[in-house]
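Colleague: I would like to learn how to read strand pairing and a few single residues. Please take me through an example.

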Amino acid sequence: MKRQHPVGHDEYRDDRKFVMNLEPCGGGEWLLTTYRNTGSLPPVRQDKFESQEAAVEYVKKWEVTVPII
């Protein structure tokens, strides 16, 4: 779906206040970065996990509690 206009620097991209990105960071560890869900996507938190399974378990526990606007 193509956007009609770009999302502004401080404008929310959808109804979620925060979004998460999970990526490997070497040595079997995983980095979870939480961003404010605005056009500029500023990071607000980073957590490192010793395994992908631990990171996914954390995401499943907390992602459903993310506030919406």
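Colleague: Which residue in S3 is the bridge partner of Thr33?

Modeller: Strands are DSSP runs of E with at least two residues, helices runs of H or I with at least four, both numbered from the N terminus. Here Thr33 has Gln46 in S3 as its bridge partner. This is a predicted model, where local features need pLDDT of at least 70, side-chain atom pairs count only at pLDDT 80 or more, and totals for chains, interfaces and linings use all residues. Residues are numbered from 1 along each chain as its sequence is written, and side-chain values use heavy atoms, without hydrogens and water.

Colleague: How many bridges join S2 to S3?

Modeller: Two strands pair if DSSP finds at least two bridges between them. S2 and S3 run antiparallel and are joined by 6 bridges. They belong to an open sheet of 3 strands in the order S1-S2-S3, with antiparallel pairing. Its edge strands, S1 (18-26) and S3, each pair on one side only.

Colleague: Is Thr34 buried or exposed?

Modeller: Buried means under 20% relative accessible area, exposed over 50%, partly exposed in between (1.4 Å probe, protein chains only). Thr34, in strand S2 (residues 29-36), is buried because its relative accessible area is 11%. Contact means heavy atoms within 4.5 Å. Beyond four places away in sequence, Thr34 touches residues including Phe18, Met20 and Val44.

Colleague: What is the phi of Leu41?

Modeller: Most residues other than glycine have a negative phi. Leu41 is not a glycine, yet has a positive phi of about 45°. Leu41 lies in the loop between S2 and strand S3 (43-49) and is partly exposed, at 28% relative accessible area.
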